[in-house]
Amino acid sequence: PSWSWASLKATCTFYVREISQAGLKVDKSHFIVDKITDSGSKLNLHGEVTRAELRITGLLKRAHPRGNEEEMVFKAIAGSHDRYSLFDLNEECAVGFYFADNLDRTFLTEIYCCPVLTEEDIVQFSDTSRVTRGQHRPIEARCLALLPLRKTENIYMRVGNAWISDFSWFS
């Protein structure tokens, strides 16, 4: 679950991510929670949280979600005809997918990706495989999608999540 679920006026169903991570090498070292501050009740520790802040140390990189198929800026970028919905306009490449937390966040023109964990899967080989033995698939990154509230103070708000198809994009 994330902090954003708390504002919903309905029930939530959560997909337990660890179930599908069997056989994957998972690395969470790129995302460190340094401090948590909340304004929840001191009398009822399991009660309502009206405000919370996380101080995080991690990587941060700007990307651009595609709002619709007709946006001209994405047409010349390799991968734009695939299902990709997240792009780096400076490097002119498709980098992954953006999943907005709600409809209001769907058509943002810019987000910042902060990887929470990476997943590495070793390629399964067959005799007809073109992949060299011992070669790894790109390391994927699961990220928070953030919107700067005060960039000069490094204050960001979660607006969704992002899946980056190759973690080397962050370097």
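1. Strand 7 is largely enclosed by the rest of the structure, because nine of its ten residues are buried. The model is predicted, and the points below should be read with that in mind.

2. Strand 7 has several pairing partners. With strand 8 it pairs in the antiparallel sense over seven bridges. In that pairing, cysteine 114 stands opposite leucine 144 of strand 8. Strand 4, residues 61-65, also pairs with strand 7 in the antiparallel sense, over three bridges. Here alanine 63 stands opposite isoleucine 111. Strand 1, residues 25-27, runs antiparallel to strand 7 and is joined to it by three bridges.

3. Look next at glutamate 119. This residue lies in strand 7, which spans residues 111-120. Valine 26 stands opposite it. Glutamate 119 has a relative accessible area of 3%, so it counts as buried, the cut-off being under 20%. Its side chain makes a polar contact with the side chain of arginine 142, at 2.8 Å.

4. The largest nonpolar core has 16 residues. Leu86, Ile111, Cys113, Ile164 and Phe170 touch the most other members. Strand 6 (93-100), strand 7, strand 8 (140-150) and strand 9 (155-164) each give two or more residues to this core. A separate core of five residues includes Tyr112, Cys114, Leu144 and Leu146.

5. Leaving aside neighbours within four places in sequence, phenylalanine 170 is in contact with Leu59, Lys61, Cys113, Pro115, Ala141, Cys143 and Ile164.

Notes. Residues are numbered from 1 along each chain as its sequence is written. This is a predicted model: local features need pLDDT of at least 70, side-chain atom pairs count only at pLDDT 80 or more; totals for chains, interfaces and linings use all residues. Side-chain values use heavy atoms; hydrogens and water are left out. Helices (H or I, at least four residues) and strands (E, at least two) are DSSP runs, numbered from the N terminus. Buried means under 20% relative accessible area, exposed over 50%, partly exposed in between (1.4 Å probe, protein chains only). A polar contact is a pair of N or O atoms within 3.5 Å; within protein, one must be able to donate a hydrogen and the other to accept it, and residues adjacent in sequence count only if both atoms are side-chain atoms. A nonpolar core is a set of buried Ala, Val, Leu, Ile, Met, Phe, Trp, Tyr and Cys residues joined through side-chain atoms within 4.5 Å. Contact means heavy atoms within 4.5 Å. Two strands pair if DSSP finds at least two bridges between them.
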